Amino acid sequence: MKTTGTRSLILILLTVAFAAGMLLFLADYARDGGSWAIQAFNKHITLGQNLSGRVLDRNDTVVAYSDETGRVYHDDRSVRLGLLHVVGDTRGYIATSVQNLYRAELSGYNLVTGLVSPFGETNGSDVKLTLDANACKTAYEALGGKKGAVIVYNYTTGEILCEVSAPGFDPGAPPDDLDTDETGKYEGVYLNNVLSSTYTPGSTFKVVTAAAAIEAIPDLDSRTFTCTGSTVINGNQINCTGVHGQMDFKTALANSCNVAFGELAVELGEEKMTALAEQLGFNKSFSFDGVTTAKSSYRAAGASEDELAWSGIGQYTDLANPMHMAILMSAVANGGTPVMPRFVDSVTTSFGLVTQAGTPAQGEKMLSATTAARLKTYLRYNVTNAYGDGMFPSGMQVCAKTGTAEVGEGKEPTGWIIGFCSNTETPYAFAAAVEEGSSGIGSAGAVASAVLSALAS
Amino acid sequence: MPDFQPVSESVLYVLRIVIPLLSIVVLVRAFHSIKAGRRREEPVIVLQNTVTKETVPVLYWENSIGRSRSCDIVLSDMTASRDHAVLMRRESGWYVTDTGSKAGTRVNGRMTRQPASVKPGDIMTLGSTSLMLQRTSEAKLPQQKRRVLHAASPFGLLLTVSVIQFLLLLESCFGGGEFSFLPVVPFLALQVMEWGLYLFSMKKLNRVSFELETIAFLLAGTGVMLLSGMRGKLAEGQEAPGMWAVADSTMSTVYMQLFTMLLGIVLFVFLIWFMGDLDRVTKFRPWVAGGALLLFAVNLVFATALHGASNWISIGPVTVQPSEFVKVAYVFAGAATLDRLQTRRNLTGFLLLTGACLLSLFLMKDFGTACIFFVTFLFISFMRSGSIRTIVLAVAAAVFGAFLILQFRPYVLSRFQGWRHVWEYVNESQGYQQTRVLSYGASGGLFGMGIGNGMLGGGRSGTSVFAANSDLVFGMLWEELGLVMAVVVVSALALLVFCARSDATRSRSTFYSIAACAAAGLLLFQACLNVFGVVDVLPLTGVTLPFVSAGGSSMVSVWGMLAFLKAGDERTYAARRQKKRR
């Protein structure tokens, strides 16, 4: 009998396995329970009762809430579309949206009661955004049906005021064929272009080449550049937008002279160009409030001289993410170190407890203070001498650089503008990219101007 | 009518916190009571060496005697065999059986091979050692200090279970948004069965313990009340039962569950009686094994393929899963008394039975049950032989077998595809059920949405996820009664393993202890497959959660398993309740 008793210890193995499995499961639950519960197929949420928290803009305008009919969005269609990619759709398909990322908070999920609200109407927390619904509406309308991305944020507090991506769809009345369409007309509607897309930067990249030149060439401002309309590098002709003749550096930037910047890139060399591009945030991503940006890319290693020249003027394989470009502008405005953007102002539970409040956070240093100051002067000179202060609301003292990026494949170029207001009363850093937008200033510039005007009023 | 909804929801929520807490109390007290009620390890008789006058205590019902250190009574005698004989206690007294020793065993000088009765004063001679059987009172032994442990009152425990079930009844009646009296009849039926069995075993049979049955009723009652919450699921053209309806055809699953539970209890009572006589057990073991094989053969011939596996047979309107009954027969045929373990060391017969069972299950494509049989085989064969080599060989064979299955039945592999990756198969068969369980379960949190409010079961009007109340019942438990209750229910099955183990040396025979350990192991392993399958810790196999899942054959079978556990507790047969003095 004694041996039988000893041999029965084999059952302990099973009990240990049971305990281990149980602990594994409970650990998974503690870690992932929230994401399990807030699945899009969960009828406790999709039937409306449990995605109960509201989403508000910075002025406490309710842009999404739930009633007995389900999820309800703002009355104005343009507001709904303008905020789509930040607020999100009811099913949570827009991964970087608040209604996906903050589903646990909005549904009131917690580890103890799950989605159940045992002692009251609702558990869901309210999420207040830093965004301005009206500015987003303006940006969406200014895009005029074109695809693109618009981002404006306060470079001293980090608050994103306007973040619009197109194309989108109306979350209040999703089209019937949204899931079934096979013609591709809804391609990219779930993608937030501001965060998750990259575009060829075109001339906006000259800001990077300029920064590299400032740091590497001590007598840059006393140099003279000559443009005859084109130049031949390594047997490849680089065309300019015009014949700019003789000019100094800031005029070359204001003229967006391809010849001057192509030659500068070659003179600086691949190593210096890459080092500075990476210092400015290329080839890496930025994370804030639970989202991560797509990586801007600068890859000139192994490029021939003519390719290097093209890379210095924002063509070749260069790619830029709109959010990153705005962060770069924030760095220039802040003397070299950016303030990181954020879009959640606060999360408040149904009984009024603020469980999360956004605070300004600095990013990594990108530029020395002197380089930032000189770039700021040049970008201001761009607006006063090339684009005209008149295109922006008065008093903002905008510093900017536009770009018209050739994308090939028979498509119209992508129009770009990146910049910031040097007037600290209106501390806005911005970036806009408009696909098939012809000229940068005409498309993206107009959008940025419209949004800044909306923010000014 | 005043709006009582928010108030009642809060009250029901509080009840759902109370239910698992009370259940924990029941389980802890029941387990404590099983431990406390056990006989102390004190010798009943002693053996005195006639030459050295040394006394050896006899601690167990079956004692191996021999030269081997692992024997219960060790002989330091070179002429004795390693496993010389077995000294057994039966209802009619003590017996000694020679287990193939070289020198033989004599009782009062007479050579014996068959079990021979030994009375106090008789002298057994094994090899050149002679031992005299003495009552403990005659031997001078140091008195052990008595530890008094208070066992919980069986009445109090069962009453607590009834209270828990009443709370579950409230949950069930108010659940699903509309009040209904439909769960009252199942509740009353449960009470009749519980208290009926209680009175039968305590008053009629004068048993002293009821803990195992209490645990089983706690689990089964939770299952029945949970199923009652799915009431009123209407087929097309069916009329909804009114508020005052007490019985309805939409409750047929619940009625079936209760009926099979009654059958299970009958089997439970029968098996305990049947196993009371070890001679009868020995006589019938081959027949039971043969019957099991016959049942599988019938299954294979008349199989109805249902959801991939053809492990069902239809008899008229009833579908039966024979493999569930074979489980009981298998454990029965696998266990053996100590003298048989020592005389027949090899496992050939049992191996053949196992092989036949596994082959049948493979032909039926019921791989989940095959796993359960295999693990039970490991427990039984190890407890019988103690041979690690057998275990290693068996596992190697199983790995090879699994490899063959994957070669010839590649669809099995698709289940493994989803394993630990269910979120990549949210709407495909590899992950659909698991992701629903995890999502709806997590929605319920620690204390649940309330009976009848779950989406896994479909609520009152929605469609339920396939097999919600059987394979996925852990998910329903979790979503509707909360994670705490779900874990408590499964842990109760783990507790049974501890009960079986702690009784292993106190059973009246190794037959009982092996059967009890095998049954407890089987139940817990099946629970592991069920629970870990749906929460994606293991691949989903589609087996039932013992006592809780809807399923008639399974319900009958688990009560059979409980009978083995009950028989493993020596008090079931030995101890009697003392009649109160008038």
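Author: The contact draws 34 residues from chain A and 45 residues from chain B; two residues count as being in contact if their C-beta atoms, placed from the backbone, lie within 7 Å. On the side of chain A that touches chain B, helix 1 (2–7), helix 2 (10–37) and helix 3 (43–46) of chain A each supply at least two residues. Helices (H or I, at least four residues) and strands (E, at least two) are DSSP runs, numbered from the N terminus. Helix 2 of chain A gives the largest share of that side, 14 residues. By kind, the residues of the side of chain A that touches chain B are 19 nonpolar, 12 polar and three charged. Here Ala, Val, Leu, Ile, Met, Phe, Trp, Tyr, Cys and Pro count as nonpolar, Asp, Glu, Lys and Arg as charged, and the others, Gly among them, as polar.

This is a predicted model, in which local features need pLDDT of at least 70 and side-chain atom pairs count only at pLDDT 80 or more, while totals for chains, interfaces and linings use all residues. Residues are numbered from 1 along each chain as its sequence is written, and chains are lettered from A and ligands numbered from 1 in the order in which they are written. The model scores ipTM 0.93 and pTM 0.77. Chain B has an average pLDDT of 87, with 91% of the residues at 70 or above; pLDDT is the predictor's confidence in each residue, from 0 to 100.

Beyond the contact, the largest nonpolar core has 312 residues, and Ile151(A), Val451(A) and Ala515(B) have the most contacts inside it. Such a core is a set of buried Ala, Val, Leu, Ile, Met, Phe, Trp, Tyr and Cys residues joined through C-beta atoms within 7 Å. A residue is buried if 20 or more other C-beta atoms lie within 10 Å of its own, exposed if 12 or fewer, and partly exposed in between. Helix 16 (residues 510–534) of chain B contributes the largest share of this core, 19 residues. Leaving aside neighbours within four places in sequence, Val451(A) is in contact with residues including Ala135(A), Val150(A) and Cys162(A).

Burial also marks helix 17 (residues 552–568) of chain B: 17 of its 17 residues are buried, so this helix is largely enclosed by the rest of the structure. In chain A, strand 17 (residues 398–405) is mostly covered, with eight of its eight residues buried.

Key. The expected span of a helix is 1.5 Å times one less than its number of residues.
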